[in-house]
Amino acid sequence: MKTEKTYTDDHQVKLKTEIESDLVDQFKRRAARKINQSTRIPGFRPGKAPYNMVLSYVGEARIFQEAIDLLVENVYPKILDAEAIKPWGPGSFDNIASEDPLTLEFTVPLDPEVELKGVDELNKKYDLKPISDAEVEDFVMSMRRNYANIVPLDTPAVEGNVVYMTVEAKDKNAGPGKDPVIVKSSPQQTLIPTKEESRSTEWPYEGFAREFIGKKEGDTFTLEHKYPENHEGENFAGKTVIFNINLQSVKALELPGLDEEFLNNAGGFATTEDLYARVREHLENKLKEEYDDAYYLELVDQIRQSSVIKYPPQMLKNEEEEVLHRIEHDLEHRNLNLDLYLKLRKLDRDQFSQEEVKPTAKNRIERSLVMDAITRKYEIKITNEELENEVSSVVNNLISSGEFAEAQKTLGTKKFSESVSMQAANQALEKSIRRKLRELADPEDIIEIKTPETAESAVEETPVDQAEKE
């Protein structure tokens, strides 16, 4: 066999292979025998008709097509071996370029390649700030609010009150014929924070809740807010929005004191010191998890932008399907489907795919390839002890979340064990990669890496954790 190779810009190779006539004849006869097994030819038992009789009965074209199918299945792996081609996945048979001599054309997606660059230039100090006393106090206050008694008021709202209202949002500058309603009138409630407690993540904008100070039950009023073009909520981005508000009630929160009853409800703490220590630990772990995710992602992306990364389009397509599957799975837990989700966001599938799914898939692939390349470059390995520690962590987390028995039942003992081992190995490897990245970026720092999955001790969830979710 003679093969011509043409490498493409999208990390594939086009093959044009000429097949010897003797091999073609051999596969024609093999094809005839196969056809003979499934086709009744008058005068002969199945499989016993000679080649010429099969040829006469079914025709040259039928035998030739069957021979091509058998040839492709047989010679394709031999071509890859002969040409030392490492495929990423299954190739495709594209065309018969010539019948005399028989010449077959294939397209083969190539194994990804990464040429790491910029690793030695990594320079980013690991600068995790400590949790402040004020942050601990704020968190304890949020826990106390969860256990507060709610008392209706007939006085104007002040800081610390909870207000209940209906809110309608309209685009002030909606064009002719366009529905100006962005959010239909719906019930909402919010706590009026102090200025210090205000957060940029407040809905529908920071400072909204403080607009209710001085308002009382039964008041109706409007608020106007201009959103920047890059606002995260696409329905509001770049628009001047009018909020029509009907204040239905104002209620006060009677906070519990830090007494024995509250400490017991909050997690069985013996003293306020124990409570504050647990809250600080919780906040420190959460902050470290978030900081680490951002820190190491920035390092990987810095390398990614400097490196030369090649992979075939089929790999990206597969990852897009995986990303979309995860999105649909998450939506199911929110009682939504993809069509409804896109309708709410006023997106079509093609736009959603191009603007969100494909970039996410591309980032995931390239970051993963960079981390694999770092593993190879620095010969990163995990020890049995590290693996055992991570297995314990995975199991403890499953037990503490209440998912252990269900996962074991669903997967079966063998698959469950394999799944735990795989997750543990991935966590241990990620921890080792992060340690190497930090060593490169901030070599003077002495480190102990925790992956997100093991950042918090595996203990039963307490109201401290619940308060964070709320």
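1. A quick word before we start: residues count as being in contact here when their heavy atoms lie within 4.5 Å. Please also keep in mind that this is a predicted model.

2. Let's begin with helices H2 and H3. On the H2 side, Tyr-51, Val-54, Leu-55 and Val-58 meet Glu-60, Arg-62 and Ile-63 of H3. H2 covers residues 51-58 and H3 covers residues 60-82; their axes are 6 Å apart and the packing angle is about 110°. Angles of 65 to 115 degrees count as roughly perpendicular, and the H2 and H3 pair is therefore described that way.

3. At the start, Asp-348 brings a side-chain oxygen to within 3.3 Å of the backbone nitrogen of Asp-350. After the helix comes Glu-379, with a positive phi near 50°.

4. Two prolines are worth checking in the loops. Asp-100 and Pro-101 are joined by a cis peptide bond, with omega about 0°, and Pro-101 sits in the loop between strands S3 (92-99) and S4 (102-109). Trp-203 and Pro-204 are likewise joined by a cis peptide bond, with omega about 0°; here the loop runs between strands S8 (181-191) and S9 (220-226).

5. Next come two non-glycine residues with positive phi. His-11 has a phi of about 65° and belongs to the loop between strands S1 (2-7) and S2 (12-18). Its relative accessible area is 8%, so His-11 counts as buried. Asn-335 has a phi near 60° and lies in the loop between H7 and H8. With a relative accessible area of 70%, Asn-335 is exposed.

6. Finally, Leu-255 is in the loop between strand S10 (240-254) and helix H5 (260-265). At 32% relative accessibility, Leu-255 is partly exposed. Leaving aside residues up to four places away in sequence, Leu-255 touches Met-141, Arg-144, Arg-145 and Ala-148. Its C-alpha is separated by 21 Å from that of Arg-280, 25 residues away along the chain.

Methods. Residues are numbered from 1 along each chain as its sequence is written. This is a predicted model: local features need pLDDT of at least 70, side-chain atom pairs count only at pLDDT 80 or more; totals for chains, interfaces and linings use all residues. Side-chain values use heavy atoms; hydrogens and water are left out. A polar contact is a pair of N or O atoms within 3.5 Å; within protein, one must be able to donate a hydrogen and the other to accept it, and residues adjacent in sequence count only if both atoms are side-chain atoms. Helices (H or I, at least four residues) and strands (E, at least two) are DSSP runs, numbered from the N terminus. Axes are lines fitted to C-alpha atoms, for helices over the stretch in contact, and angles run from 0 to 180 degrees between N-to-C directions. Angles under 35 degrees count as roughly parallel, over 145 as roughly antiparallel, 65 to 115 as roughly perpendicular and the rest as oblique. Buried means under 20% relative accessible area, exposed over 50%, partly exposed in between (1.4 Å probe, protein chains only).
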